[in-house]
There are 2 protein chains.
Amino acid sequence: MSETTLRAEKAGKLDEADELAALRERFVLDDVVYLDGNSLGALPANVPDRVADVVRRQWGELRIRSWDESGWWTAPERIGDRIAPLVGAAPGQIVVGDSTSVNVFKALVAAVRMADGSRDEILVDATTFPTDGYIAESAARLTGRTLRAVTPAEVPQALGERTAAVLLNHVDYRTGRLHDLPALTAAIRARGALAVWDLCHSAGALPVGLDEHGVDLAVGCTYKYLNGGPGSPAFLYVRREHQDRFDSPLPGWNSHAEPFGMTPAYTPAPGALRGRVGTPDILSLLALEAALEVWDGVSVDAVRAKSLALTDFFLECVEAYTEPGRVECLTPARHEERGSQIALRCPDAGEVMKRLIARGVVGDFRSPDVLRFGFTPLYVGFRDVERAARILRDELL
Amino acid sequence: MSETTLRAEKAGKLDEADELAALRERFVLDDVVYLDGNSLGALPANVPDRVADVVRRQWGELRIRSWDESGWWTAPERIGDRIAPLVGAAPGQIVVGDSTSVNVFKALVAAVRMADGSRDEILVDATTFPTDGYIAESAARLTGRTLRAVTPAEVPQALGERTAAVLLNHVDYRTGRLHDLPALTAAIRARGALAVWDLCHSAGALPVGLDEHGVDLAVGCTYKYLNGGPGSPAFLYVRREHQDRFDSPLPGWNSHAEPFGMTPAYTPAPGALRGRVGTPDILSLLALEAALEVWDGVSVDAVRAKSLALTDFFLECVEAYTEPGRVECLTPARHEERGSQIALRCPDAGEVMKRLIARGVVGDFRSPDVLRFGFTPLYVGFRDVERAARILRDELL
């Protein structure tokens, strides 16, 4: 039996045994193998009708009354509570709104302000998605702190009495490496600094355990594994014990204790909604709210188990099908160091990805030489994985 | 002939002579008199189908390809150029994205950084919508400046060698008072400071003339007179001559000269798109883009002329119908001091507004005693005005 026949059969068996397989029906998908859900999640099937209702009835008919009657006003915290169980947070600690970049700014400035005033250094993940580093530089500049970029592995050594806050990515956007959030958070807190985590590539892909592991602040996007739609609003987690000291650099009227009091002095609201800023972006928020319904009855642990099985199987197929040395895997083999994506390096990655996409296998290319494949367990199956590896083999020849 | 018959006839004639009357067809409206477009603009009729296409086809079918193929990536500056003529700006100076509050922060910090470093004071409109004051306080704190609240009338006297920047509202959200943007901007610039204007209550309601009057920076929302939808993204204007010095406090990857270079060092893009931050919120942006099509062939001067005629007529009807002293008009009588709303004060305003809404006249209440009526010339007619005044009379008895 050929390598491909063998693995095609195995894929079929894995799909049959997959207890999450039926979730694919909750999405609008075609026969493309969509491995780019770590960039833009696929469209949940219930979103179009919901958005149409928001536009036609809530905006078009109820108009301004919808701020109360359609629950527009409370959407940021209500949707935050919907995300909370997916990242291991009790209710009342997450608000949704603004972009990830803006939330990184809020979180990092607030973290510096919570830290002891003598602590004058911010550490930032040197391997992070660039925006986090740019925003951290701005936060440092505006709060009079210095910024130092270190790899996550270097963090324990770099921590010291000067460290105010540390901004880290849970999963590296390029390599798919999963960092040890529990251990790093513990190390950061043990040295008296605050741990700020960017969950863009882990929220909805694997258990995060924000409450359990003592994370101080966290941000994440909702358009990757949470399938909220292009540029859907990000979320901000503020640990309950810090909420009274959360001092936002963006104290807009929506975070005021009495937003319609229209008072000249700012008095922050209690709780997570202190992280709100301006008028919430309703169309995008309510599209996201509908998208989160695909999680009804779904366990993040089951999603994680399937994710690892999918990436294991992809690596197995790639190894079996592809000439040794043709691609180099940048993603760690160890499960505890792997997110929900596989990054393969090859010199002609840009051209290879174009050909893959033309053949219906959609991943993405990260300059200069990385093929990136994201595996969303809610809608990717094992036959998809085998097919992707087979077509990849053809295009690498 | 009774007062009401007289004015009902006049209203009919005014409607017949109204060259903008047909624009009402471009909106989804019912038989309510909607005088709350200064809070949330009505739904343009072309928006639902456009949004459905963005969701179902662009997101659902093209998915990640839409960043290029559906023009998602360039939406912030493309839609900015669509707003530009409505506020008197040449192309290439406006980007759309984030909330008004976030844009006030960008504009004010950038203004302070452009000003001479010895200038250590920011002046802020003491009568402004509160969020501007809160955000100005934060901008001052983070840049080490002091903040002083003054009324717009006091600005010329308050300006001095210490003044770095002045943040003013073009139209007061409560009273509807229109401030003298050309004269105040000239006075501010003559003293070497930067003028930052908030156009939330003027964009789409009256000519602004940003380029002509030398405004340095401006922000505005798009969900009032621009009808972009609930919480639709705000806009930021950066005068062309300042763009190379625009130093954003929110330097996200979307404002990078090479956003997909993923480089650790931040190099700002040229032009207005330096005002971008994170991933643009596509559903809301493209709903707004569709909404702006109602402006095709519409002159802002004609809109302003009709707006003044509407508010004049409303005041005339209220005066004719209502017992003297029952309400006090807070909006200036002089055209050059009036925005596109009328604010009436009466002690029982909260109760009166509830009854008006129950009878199909939708304005809003501003604590503690203000009835606020916004007049959007694109869809409000003179018969609407007369009917609103007549029902107001009943509810004031």
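Predicted model: local features only at pLDDT ≥ 70, side-chain atom pairs only at ≥ 80, totals over all residues.
## The annotated binding-site residues

Let's start with the record. An unreviewed UniProt entry carries the annotation "binding site" for Thr100(A), Ser101(A), Phe129(A), Pro130(A), Thr131(A), Asp132(A), Asp198(A), His201(A), Tyr223(A), Trp253(A) and Thr279(A). These residues do not all gather at one spot, because they span 180 residues in sequence and the farthest two C-alpha atoms lie 30.6 Å apart. From this set, Trp253(A) and Thr279(A) belong to the lining of the second largest pocket.

Two members of the annotated set can be looked at one by one. Asp132(A) sits in helix H6 of chain A, which runs over residues 130–143. With a relative accessible area of 1%, Asp132(A) falls under the 20% cut-off and is therefore buried. Setting aside residues up to four places away in sequence, Asp132(A) touches Val104(A), Val124(A), Leu167(A), Asn169(A) and Asp198(A).

Trp253(A) is found in a loop of chain A, between strand E8 (235–238) and helix H9 (282–291). This tryptophan is buried too, at a relative accessible area of 11%. Beyond its neighbours within four places in sequence, Trp253(A) contacts residues of chain A, including Trp73(A), Phe260(A), Met262(A) and Thr279(A). Its contacts also reach chain B, where they take in Ser101(B), Phe129(B), Thr131(B) and Tyr134(B).

## Ser232(A)

Ser232(A) lies in the loop of chain A between strand E7 (217–220) and E8. Its relative accessible area is 4%, so Ser232(A) counts as buried. Leaving out neighbours within four places in sequence, Ser232(A) is in contact with Thr222(A) and Tyr223(A).

## Helix H1 of chain B

Now over to chain B.

Thr4(B), Arg7(B), Ala11(B), Gly12(B) and Asp15(B) are the buried residues in H1(B). Looking down the helix axis, these buried residues fall within an arc of 150°, so they line one face of H1(B). They pack against helix H10 (300–321) and helix H12 (382–396) of chain B. On the face turned away from the buried side, H1(B) carries the exposed residues Lys13(B), Glu16(B) and Ala17(B).

Methods
Residues numbered from 1 in each chain as written. Chains lettered and ligands numbered in written order. Heavy atoms only, no water. UniProt positions renumbered as here; feature names shortened; annotations may be inferred. 1 Å grid on protein atoms, 1.4 Å probe; cavity = no way out; pocket = protein on both sides within 12 Å on 5 of 7 lines; lining within 4 Å. Helix = DSSP H or I, 4+ residues; strand = E, 2+ residues; numbered from the N terminus. Buried < 20%, exposed > 50% of the residue type's maximum accessible area, 1.4 Å probe, protein only. Contact = heavy atoms within 4.5 Å. Arc of directions from axis to C-beta.
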